[in-house]
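Walk me through this structure, please.

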Amino acid sequence: MKRFVRFLRVGIVGLLASVWLGNVAIAPAQAHWDDLTVADIIVTDTNAQITLTMPTALLSFADDDGNQTLSSSEIEQHRTQLEQQLGNGITLKNQTDESGQFTLASTTAQQPEDKINHSTFLLSYEWPTTLQKLTIQYNLFPSEHEQALATITQGNRTRNIVFTPENNTVELADTIPWQHQFLSFLQLGVKHIFTGYDHILFLIALLLPGGRLSQLLTIVTAFTIAHSLTLTLAALDIVTLPTAFVESAIALSIVYIAIENLWRKPMNHRPWFTFGFGLIHGLGFANILRDLTQSQSNLILSLASFNLGVEIGQIAIVVLAFYGLRFLQQRRGAIFLNYAASVLMILMGSIWFAERVLAAWV
């Protein structure tokens, strides 16, 4: 009876905490990359064209019907404001520091099906003389944490850049150093794992039952191998699944692991289950990398550096969680912490699952 009362108390506290987390601290319905802008830039002799897919929330003044996607009529209605914001936010200059004549297409570009909260635009820049050098400056950052992923095609050369508030300018003359691309995607991978609340929660759920460090490393290694595999296959467009299914499955994986933690059964099978869940999580990492229209060599560099960034961030989280949980278990009791954290994870995973399923159907 005492154990039931304690479990009930933990459940009530977990419910209150999950409601606060779900409605105040975290926006759980957001899928991965919902705050990321993608720019496909094609440069010719006297012209540059940008297909820009960005969160509609950044242009909320033009979203009259509130459906989080701008229609052609909404673009026409707010054309002056949109041209001013987009034209000032992305500037392209040639070798004489002359800005290209900016034009916003009268209709939207084809909207990617998996980006339900984004709007896509066609931007054009014209110069009267041949481009010998091009400087691109990107400033559409609502906060210091935002990023924009750009694929730049010029002739037979394609490269990738991650624009950030600190590194918002690139010059196209000869070649962009490979180190720039490597570091950009490395940072992108680290940022993604540290802002991917569902991935962090899944990792902590794996560590929660405790055990020897060698056992935990085996479990985490299985997860790493699995998500690295599907990250690569999905980014190469070999394996694809609907984004809504992937995001919902990630939420369910948290619920399953947390429920399993409550029963404290032998965990000898967990590396195999973790490998299976890791395959799904890898598809979540790969959603945006599939959008890169680049050469195979550049794709491999971007993929490798991004994956390395994810692993660096994951190792840091695992080490912090392992010793943090050990510290708390010694003071609060392993059984109490396991129940409290598992109930909270079940509730949070369920909220994320429900919101992601509903978002896919609305």
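Tyr-323 is partly exposed because its relative accessibility is 48%. Buried means under 20% relative accessible area, exposed over 50%, and partly exposed in between, with a 1.4 Å probe and protein chains only. Tyr-323 sits in helix H9. Helices (H or I, at least four residues) and strands (E, at least two) are DSSP runs, numbered from the N terminus. This is a predicted model, in which local features need pLDDT of at least 70 and side-chain atom pairs count only at pLDDT 80 or more, while totals for chains, interfaces and linings use all residues. Residues are numbered from 1 along each chain as its sequence is written, and side-chain values use heavy atoms, leaving out hydrogens and water.

Together with Leu-213, Leu-217, Ile-315 and Val-319, Tyr-323 forms a nonpolar patch with about 470 Å² of accessible area. Patch residues have over 30% relative accessible area and no salt bridge; like charges are joined within 9 Å, nonpolar side chains (Val, Leu, Ile, Met, Phe, Trp, Tyr) within 5 Å. Areas come from the Shrake-Rupley method with a 1.4 Å probe; for residues, only the protein chains shown count as cover. Helix H6 (213-235) and helix H9 (296-332) each give two or more residues to the patch. The largest share, 3 residues, comes from H9.

H9 also holds Ser-305. Ser-305 counts as buried because its relative accessibility is 0%. Leaving aside residues up to four places away in sequence, Ser-305 touches Gln-181, Phe-182, Phe-185 and Leu-186. Contact here means heavy atoms within 4.5 Å.

Now the strands. Strand S7 (residues 148-154) pairs with S8 in the antiparallel sense over 7 bridges. Two strands pair if DSSP finds at least two bridges between them. Ile-152 stands opposite Arg-159 in S8. The hairpin has 2 residues between its strands, and Gly-155 takes a positive phi near 65°. Strand S8 (residues 157-163) is mostly covered, with 6 of its 7 residues buried.

Next, charge. The whole structure has 5 salt bridges. Each is a side-chain nitrogen of Lys or Arg within 4 Å of a carboxyl oxygen of Asp or Glu. One of them joins Asp-198 and Arg-356, with the closest N and O atoms 3.0 Å apart. Asp-198 lies in helix H5 (residues 197-207) and Arg-356 in helix H10 (residues 334-361), so the pair ties together parts 158 residues apart in sequence. Both Asp-198 and Arg-356 are buried. Elsewhere, salt bridges link Glu-76, Arg-79 and Glu-83 in a network. Within it, the closest N and O atoms of Arg-79 and Glu-76 are 2.8 Å apart. Arg-79 is buried at 16% relative accessible area, whereas Glu-76 is partly exposed at 40%.

Last, the rings. A search of the whole structure gives 8 aromatic pairs. Rings of Phe, Tyr and Trp (its six-membered ring) pair if their centres lie within 6.5 Å; planes under 30 degrees apart count as stacked, over 60 as edge-to-face and the rest as tilted. Phe-202 and Phe-223 make a tilted pair, 5.2 Å centre to centre with 35° between the planes. This pair links helix H5, which holds Phe-202, to helix H6, which holds Phe-223. Both Phe-202 and Phe-223 are buried. Tyr-256 and Phe-273 are stacked because their centres are 5.7 Å apart and their planes are at 25°. Ring pairs join Phe-202, Phe-223, Tyr-256, Phe-273 and Phe-277 into a cluster.
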